[in-house]
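New notebook page. I want to look up how this chain is held together, one feature at a time.

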Amino acid sequence: MSTSTSTHTNLYALPSKSALQAEFVGKPINQLRTPALVVDRSRFRRNCEEVTSEAKRRGMLFRAHVKTHKTTEGTRLQVQAAGGVRATICSTMIELWKIIEDGLVEEGLVDDILYSMPVGSDKIADLNTAQTQIGSKGVIRLMVDHPEQIRLLSEFNEREGREQRWSVFVKVDGGGRRAGVPPTSQQLKDIIQAVLQSKAVEIFGFYSHFGQSYASDTLKKGSSYFEGEIDCVQSAAKVAREMGCKGDWVLSVGATPTAHAAVQEVEKAHKGLEGKLELHAGCYCMCDLQQHATSLVPDSHLALTVVSKVVSVYPHREEAMCDCGALAVSKDTGRYPGYGRLVSPERAVGKWDLGRISQEHGTLVHRPDLSEGAFKEGEDELKIGEMVRIVPQHACLVCAGYPWIYVVDEEQGKAEEVVDVWVPWKGW
């Protein structure tokens with residue numbers, strides 16, 4: 001058994017929010033040191049409201065993943081949307097602890113936290129400490145996808161005298177092959193059997209994430225993936241029911257593309273399901289090129305941009321250099337070519353992409369296939385010192401690369417001025 005680990009959050013030193021506000025609030029975006037990460041708060045809030053309210057309107061529960069931005073402010077906007085949802089997902093222990101330490105549980109905004117990594121023995125004691133700290137104000141749920149994890153949880157309870165049962169989601173793999181077990185596999189049956197034999201674990205629900213839904217390029221395809229997710233968890237739940245498992249389960253499905261499809265078109269019948277349908281998503285609050293490429297997200301929902309400066313130009317090869325490389329936008333790719341699209345300056349929109357990247361360098365490439373004609377020297381050239389704004393391929397890894405996030409608000413008429421600074425939680 002692995003040695004239990006616990007790292008106090010105070011050891012993860014973060015910048016002072018008040019000092020950042022004093023330094024940057026009121027400054028124009030074009031005065032920031034680049035590369036800089038900028039989030040439009042009004043778009044972020046609107047994205048949260050739209051997806052959450054539509055999920056509720058269609059009779060689904062909603063669970064908000066906080067891993068994209070990892071901030072207290074962003075989490076508040078997620079869980080307060082559409083009258084409040086209170087259920088969250090975390091990918092790291094630091095996210096879980098900061099939700100608790102920053103008052104979201106104490107204030108009653110969050111009462112359900114899912115630690116979404118398949119639980120390891122080195123995290124169990126820390127998770128137990130967190131549950132003890134919040135007491136009856138909330139529940140920490142775990143993810144399992146192997147019977148050995150049930151054994152480890154059972155042994156911990158017996159050794160430590162923990163009487164409270166662990167509430168778990170069983171992770172079901174619908175073809176993404178990241179985590180989870182196939183819905184009718186022997187390994188799933190082994191997990192169910194282990195739970196039936198344990199006094200320390202109870203199944204709260206079945207959970208699937210169709211990462212492959214990022215291949216969607218129409219609403220019809222997105223809807224098909226969403227229906228596939230439902231079938232996936234429903235099949236697993238039926239196996240559990242046939243094996244004698246009891247409970248009022250939650251069937252949790254979603255990825256940002258299928259979440260958008262779910263709230264736009266899908267009218268999957270809820271009757272006949274083995275539990276209550278829950279929609280989960282994370283990147284929906286930001287959106288990015290990968291989401292835009294699915295055709296389910298319009299330009300107005302793109303809340304995240306990276307600000308960069310042009311540092312050199314190469315007219316002879318129809319390219320330019322900016323100070324925005326892999327550490328600023330990640331090496332994620334998508335259906336669109338390159339690593340990001342320019343949305344500013346206006347004359348560059350539809351003509352320039354962030355085509356190549358190395359660690360700190362970003363090569364801006366002119367793409368005649370995206371413009372009305374061939375490169376026009378002088379007219380289409382970018383200028384040294386010019387600021388460009390780039391929508392990256394995928395928001396999650398991009399956010400992880402910055403010590404803080406500059407916040408603007410177009411609804412307040414301040415789309416080009418800093419109105420707040422968010423400090424992401426760092427660490428594991």
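**Ground rules.** I'm working with a predicted model, where local features need pLDDT of at least 70, side-chain atom pairs count only at pLDDT 80 or more, and totals for chains, interfaces and linings use all residues. Residues are numbered from 1 along each chain as its sequence is written, and side-chain values use heavy atoms, with hydrogens and water left out.

**Entry 1, the barrel.** I looked up the sheet and found eight strands closing into a barrel, in the order β2-β3-β4-β5-β6-β7-β8-β9, with parallel pairing. On average, neighbouring strands here are turned by 30° against each other, direction ignored. (Axes are lines fitted to C-alpha atoms, for helices over the stretch in contact, and angles run from 0 to 180 degrees between N-to-C directions.) Helices (H or I, at least four residues) and strands (E, at least two) are DSSP runs numbered from the N terminus, and two strands pair if DSSP finds at least two bridges between them. Phe169 has Gly205 in β7 as its bridge partner.

Buried means under 20% relative accessible area, exposed over 50%, and partly exposed in between (1.4 Å probe, protein chains only). Among the buried ones I noted Glu73, Leu77 and Val79. The buried residues of α3 pack against α1 (17-24), α2, β2 (61-65), β3 (87-90) and β17; contact means heavy atoms within 4.5 Å. At the helix start, a side-chain oxygen of Thr71 comes to within 2.9 Å of the backbone nitrogen of Gly74. After α3 comes Ala82, with a positive phi near 55°.

How many salt bridges does a search of the whole structure find? It finds 27, each a side-chain nitrogen of Lys or Arg within 4 Å of a carboxyl oxygen of Asp or Glu. I checked Arg41 and Asp409, whose side chains meet at 3.2 Å, N to O. This pair links distant parts of the chain, 368 residues apart: Arg41 sits in helix α2 (residues 41-57), Asp409 in the loop between β16 (405-408) and β17 (420-422). Both Arg41 and Asp409 are buried.

Next I took Lys98 and Asp102, which form a salt bridge at 3.4 Å, N to O. Lys98 is buried at 15% relative accessible area, while Asp102 counts as partly exposed at 25%.

Technical notes. Polar contact = N/O pair within 3.5 Å; in protein donor to acceptor, adjacent residues only side chain to side chain.
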